[in-house]
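Here is a protein chain to be read part by part, with attention to how its side chains meet. Please look over the sequence and the structure before going on.

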Amino acid sequence: MTDISQTPALAPGGGRTMERVRLLLRSRSGLAGLIIVVLLAVLSLVSAFGLLPFDPLAQDPPSRLQPPSAVHWFGTDQFGRDVFSRVAAGVANSALISVVAVAFATVVGTVCGLIAGFYRGFSDGAITAVTNVLFAFPPLLLALSLASVFDRNWFTIAVAIAIVYVPIFIRVTRGPVLSLREVEYVKAAKSTGQARMATMFRHVLPNITSIIIVQVTLSLSWAVLTEASLSFLGLGTPPPAPSLGSMIFEARTLVTIAPWTMIAPGVVVVLLVVGLNLLGDGLRDSLDPRNRGKR
């Protein structure tokens with residue numbers, strides 16, 4: 001998991017949004033990642049609105065294990081289900097779980113990181129201690145342990161993944177806050193009698209937004225991979241709901257006679273992870289104040 005806590009924070013009144021967008025579009029990695037993510041997001045929305053060519057759960061035994069064709073673009077599986085429709089539904093499922101997980105981790109981790117870095121003292125010590133304990137566990141092992149405790153549904157899987165990523169956001173947030181609390185405009189806000197909570201959210205939080213945005217993008221890619229791993233190991237969303245990880249698991253015995261059943265979900269997982277990582281790299285470059293005026 002990527003730690004971007006060393007990314008410089010933006011000064012008050014930073015660069016305009018359009019300048020950042022231009023920098024992102026001029027970045028090869030950022031543009032490639034944006035295109036991949038947008039295409040997969042459209043695929044996810046097509047599934048969410050029920051616009052798929054076939055029902056991803058409908059079985060059609062006479063059509064089982066058909067190779068890719070004009071009718072079944074990605075072929076069919078051992079039950080005659082359309083692989084393209086199931087992949088699209090799997091992308092939607094992975095996107096839902098990943099977005100909810102990262103959103104939860106972002107809110108909780110950012111607030112805790114702000115409090116730890118800005119207030120210091122007991123709050124900092126307690127939050128840092130919990131963070132270090134969570135970091136002591138390998139991420140996938142921690143997610144496996146949490147997922148095995150809860151009932152299996154998309155929300156509990158999202159919560160399990162979120163708990164894994166909360167300490168990342170705490171550490172990413174805390175570092176810059178330790179520096180920002182000593183800058184002149186924050187000290188000036190304190191000297192005017194403004195409440196510390198108000199100072200933290202009005203003057204400190206806006207200046208670490210760029211760091212958080214980049215970390216959100218990178219964490220989404222890891223959340224997708226974690227969700228796929230949990231599904232592959234049988235601890236993801238229970239069947240018959242389509243999941244990219246469970247599709248790969250089911251296809252392991254068919255790879256020699258129907259390789260498309262594994263290739264399609266496998267390629268989509270790779271595209272999701274790579275696309276989000278490339279987008280995160282592009283956002284990091286476009287939001288970095290040091291890159292302004294270079295292009």
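In this predicted model, helix 8 covers residues 196–204, and its buried residues are Thr199, Met200 and Val204. An α-helix has 3.6 residues a turn, so residues three or four places apart point the same way. The partners of the buried residues of helix 8 are helix 3 (83–119), helix 6 (154–180) and helix 7 (184–191), against which they pack.

Next come the aromatic rings. The structure holds 5 aromatic pairs. One of them joins Phe74 and Phe84 in an edge-to-face arrangement, with 5.2 Å centre to centre and 80° between the planes. Phe74 lies in the loop between helix 2 (28–48) and helix 3, while Phe84 belongs to helix 3, so the pair ties together parts that are 10 residues apart in sequence. Phe74 counts as partly exposed, at 30% relative accessibility, whereas Phe84, at 13%, counts as buried. A further edge-to-face pair is formed by Phe118 and Tyr119, with 5.8 Å centre to centre and 75° between the planes. Phe118 is buried, with a relative accessible area of 1%, and Tyr119 counts as partly exposed at 23%. Phe74 and Phe84 also form one aromatic cluster together with Trp73.

A ring can also have a charged side chain over it, as with Phe249: Arg252 lies over the face of this ring, at 3.9 Å from the ring centre.

Charged side chains are the last topic. Side chains of opposite charge can pair when their charged atoms come close. How many salt bridges does the structure hold? There are 6 salt bridges. Asp124 takes part in a salt bridge with Arg120 (3.1 Å, N to O) and in another with Arg174 (2.7 Å, N to O). Asp124 counts as buried, at 6% relative accessibility. Arg120 counts as partly exposed at 36%, and Arg174 counts as partly exposed at 23%.

Salt bridges that share partners also join Asp77, Arg81, Arg86 and Glu250 into one network. Within this network, the side chains of Arg86 and Asp77 meet at 3.9 Å, N to O. Both Arg86 and Asp77 are buried.

Terms used. Residues are numbered from 1 along each chain as its sequence is written. This is a predicted model: local features need pLDDT of at least 70, side-chain atom pairs count only at pLDDT 80 or more; totals for chains, interfaces and linings use all residues. Side-chain values use heavy atoms; hydrogens and water are left out. Buried means under 20% relative accessible area, exposed over 50%, partly exposed in between (1.4 Å probe, protein chains only). Helices (H or I, at least four residues) and strands (E, at least two) are DSSP runs, numbered from the N terminus. Contact means heavy atoms within 4.5 Å. Rings of Phe, Tyr and Trp (its six-membered ring) pair if their centres lie within 6.5 Å; planes under 30 degrees apart count as stacked, over 60 as edge-to-face and the rest as tilted. A charge sits over a ring if NZ of Lys or CZ of Arg is within 6 Å of the ring centre and within 35 degrees of the ring normal. A salt bridge is a side-chain nitrogen of Lys or Arg within 4 Å of a carboxyl oxygen of Asp or Glu.
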